[in-house]
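Work through these exercises with the structure open.

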Amino acid sequence: MSQPDTTYTPSQPDVEEGIEYWSTQPASYDGVLGGFGSGLMPELSTVPSAIRPLKTPPAHTRRTRALDVGAGVGRVTSDVLLHLVSDVVLVEPVEGFVNEAWKRGASSAEGILVEDSSHARWKGIQDKTKSVTVLQGTLQALDPLHPLADPTTKLLGRLGYEPAEEDLESGFDVIWCQWCLGHLSNVDLVAFFKRCRQGLRDPDNSIIVVKENLCHNAADGGPETVFDPSDSSLTRSDLAWKKAFTRAGLTLVHEQVQRGFPVGLYEVRM
Ligand code: SAH
């Protein structure tokens with residue numbers, strides 16, 4: 001009889017294992033924030049940037065577009081992106097989360113949402129001035145320029161504003177990646193960033209926002225990547241992130257540490 005191999009631990013994220021983990025979490029702000037959704041951080045959602053347009057006044061009159069990846073129940077879409085842009089495309093692989101995001105958006109469209117701290121009415125949806133398109137799919141499969149090209153990505157629908165012409169393949173002014181890029185291996189991360197770069201509408205003004213937990217750099221001062229078997233994800237250090245940005249041909253234009261978290265958690269950087 002062969003011995004079961006108990007010493008083997010995968011050191012790279014596994015898509016299915018990641019999705020399995022998140023499927024066990026409640027479809028709520030608390031769920032996507034690992035239990036830190038309520039009480040601790042209300043001040044974090046009231047940063048002034050969340051209610052300011054990207055540029056005042058815009059030099060153009062065209063609608064602005066954002067992509068929210070690994071979007072969970074649509075927290076970033078609801079509380080940040082719809083305050084900044086006209087149209088949002090939300091992508092999330094976990095059935096319970098993406099259905100909850102759709103439900104929240106649809107309730108906003110019908111005006112039946114009870115507002116509390118974690119159920120804000122999605123701005124511009126009921127009056128159809130803004131839109132949210134909801135897709136179910138993974139980062140690994142997603143090409144921002146052709147969001148539905150991969151057969152595993154599914155369109156749930158579109159809420160709010162309806163364009164005269166289909167705009168799903170017109171690229172993005174902002175691609176927002178928050179607390180989900182750990183589900184990509186280093187190779188997949190660089191490939192994803194490269195596809196994101198291609199999916200930016202204006203190379204001089206469009207941005208990719210990465211907001212993630214950071215571990216410390218290695219003892220020798222080099223990049224560090226730590227595998228977490230509980231959700232099959234990687235936590236990267238500052239230099240590991242910067243290495244990935246460079247490899248993907250991206251330019252770091254701004255970085256900031258998120259303040260206001262309790263001590264003992266990973267540092268969070270944008
Ligand atoms: N960005 C959201 C959710 C963070 S929780 C927010 O800040 O509120 C992490 C999210 O990553 C979960 O919704 C989880 O389902 C998603 N995720 C896990 N594996 C993924 C993958 N392979 N591709 C895209 N998203 C993934």
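**Exercise 1. Find which residues come nearest to the ligand, and sort the shell by class.**

Step 1. The ligand has 18 residues around it, and the nearest are Gly70, Arg75, Glu92, Gln140 and Gln178. A residue counts as near if one of its heavy atoms lies within 4 Å.

Step 2. The model is predicted: local features need pLDDT of at least 70, side-chain atom pairs count only at pLDDT 80 or more, and totals for chains, interfaces and linings use all residues. Residues are numbered from 1 along each chain as its sequence is written, and side-chain values use heavy atoms, with hydrogens and water left out.

Step 3. Sort the shell: ten residues are nonpolar, six polar and two charged. Here Ala, Val, Leu, Ile, Met, Phe, Trp, Tyr, Cys and Pro count as nonpolar, Asp, Glu, Lys and Arg as charged, and the others, Gly among them, as polar.

**Exercise 2. Locate polar contacts between the ligand and the backbone.**

Step 1. Look for pairs of N or O atoms within 3.5 Å.

Step 2. Start with ligand nitrogen. One nitrogen atom lies 2.8 Å from a backbone N or O atom of Gln178. A ligand nitrogen is also 2.9 Å from a polar backbone atom of Gly70.

Step 3. Turn to ligand oxygen. An oxygen atom is 3.4 Å from a polar backbone atom of Gly72.

Step 4. Check the cover. Alone, the ligand exposes 570 Å², and the protein buries 99% of that. These accessible areas come from the Shrake-Rupley method with a 1.4 Å probe.

**Exercise 3. Describe the space that holds the ligand.**

Step 1. The ligand sits in the largest cavity. "Sits in" requires more than half of its atoms to lie within 2 Å of the grid points. A cavity is a set of points, on a 1 Å grid over the protein atoms alone, where a 1.4 Å probe fits but cannot get out.

Step 2. This cavity holds about 440 Å³ of space. Volume means the space filled by probe spheres set on the points, which are joined across faces, edges and corners.

Step 3. Its lining has 29 residues, with Gly70, Ala71, Glu92, Trp179 and Cys180 nearest the centre. Lining residues have an atom within 4 Å of a point.

Step 4. Two or more lining residues come from each of α1 (15-23), β1 (65-69), α3 (75-84) and β5 (174-178). Helices (H or I, at least four residues) and strands (E, at least two) are DSSP runs, numbered from the N terminus. α1 gives the largest share, four residues.

Technical notes. On a 1 Å grid over the protein atoms alone, a cavity is a set of points where a 1.4 Å probe fits but cannot get out, and a pocket is an open set with protein on both sides within 12 Å along at least five of seven lines; lining residues have an atom within 4 Å of a point. A polar contact is a pair of N or O atoms within 3.5 Å; within protein, one must be able to donate a hydrogen and the other to accept it, and residues adjacent in sequence count only if both atoms are side-chain atoms.
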